Amino acid sequence: MNIKSKCFGCGKFFDLLKQFTFCPICSGALVSEGQETKKYFQYLLKKYQWLSLGEGNTSLICLENNLFAKCETQNPTGSFKDRGSLLEVAFALENNYKTLVFASTGNMAVSLSAYCAKAKIKCRVLVPKSTPPEKIELPKLYGAEIEVVDGNYDLAASLAIKESLTGKKMLVGDYLLRRVGQESCGREIAGEVSNVDWLIVPVGNGTIFSSVTDGYFGSAKNLSTKMIGVQGKKCNPVFRAWKNNEQIVPLVQPETVGAFFKVGNPGDGNLVLDCLKKSGGVIIEAGDEELIKAKKDLARNYGLLVNYASASVWTAYDKLLKKKVIKSKDKVVLVLTGR
Ligand SMILES: [Zn+2]
């Protein structure tokens, strides 16, 4: 089998069965490469269909005339992460991994531990000290082993990488497999609504943004859709790189009410910049007060319950409509990533 991954940074090719996280040479994001690789993923999803918890095929609802929301909150554990977890756990079973290890600030832990429970494989989660107890409760319910790390998310992530190198533990998280699994969200949008002018997706690590972009443009008929990204104000490395037309400079202490945004060094940041460039899109930032207001607006105006980072798409829509970047006649899809 010729199943390949390719580094988005240095362009090197690898055997995907061995390299499916980040580039061992330059630490760049790995992307999947070639038709055979695509077929391998289709084979995995078919063989491990029994692993599904009913993820995907979420509703696309109409909020106003030309404004739609893709409700990823309807996934089994409440976020888009379930789409990626299915493929990661299927890959783990196929390649005889008995334990998964990863760092998480919340949603990822809930999602992966649910799929690991069904697959009956061990799930080890490293969480930063600041993680609220209620975020640990659900993964524990699913039987995950939680280790609280005396430090921030970036430290938890580096410890998870270290642990995966010792013994046969599979490192999972916002990497290639998850990105491929989550493309289905973009494909569904392309099939559900035509002639979209703007597609708005939040940017934390950048994984869901690049997944949706790849999935959408891989199947949409209208290729003139423009992407809009949103980041939290005090965790905005991708926004700053885009605005100043420079390299991404990691942040040491990202701060925001949106847990999903708290990534100082976004692994898929360069993929996001590429998607923005190719689609002629924009990225903006949203402060805590705006996120709190957006969460309230979505609940009170449309009955939608989402988390703060997810609500940021509403802030972006509102701001860009006022600035007349988005015209009132434009067709817009907001991706509500999670609860
Ligand atoms: Zn590389």
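## The whole chain

Among contacts between residues at least 6 apart in sequence, 69% join residues at least 24 apart. Keep in mind that this is a predicted model.

Start with everything shown as a cartoon. The protein has eleven helices and 13 strands. Its radius of gyration is 19 Å, close to the 20 Å given by the globule rule for 339 residues, so the protein is as compact as a globular protein of that length. Turn the view along the principal axes: the C-alpha atoms fill a box of roughly 55 × 45 × 40 Å. Of the 339 residues, 51% are buried.

Next, colour by domain. Now look at where they meet: seven residues of domain 1 are in contact with six residues of domain 2. On the domain 1 side, the touching residues are five nonpolar and two polar, with no charged ones.

## Helix H8

Now select residues 237–244, which form helix H8. Which of its residues are buried? Show side chains for Pro237, Val238, Phe239 and Trp242, and you have them.

For the last stop, step just past H8 to asparagine 245, where the backbone takes a positive phi of about 50°.

Key. Residues numbered from 1 in each chain as written. Predicted model: local features only at pLDDT ≥ 70, side-chain atom pairs only at ≥ 80, totals over all residues. Buried ≥ 20, exposed ≤ 12 C-beta atoms within 10 Å, placed from the backbone. Helix = DSSP H or I, 4+ residues; strand = E, 2+ residues; numbered from the N terminus. Contact = placed C-beta atoms within 7 Å. Nonpolar A, V, L, I, M, F, W, Y, C, P; charged D, E, K, R; others polar. Rg over C-alpha atoms; globule rule 2.2 N^0.38 Å.
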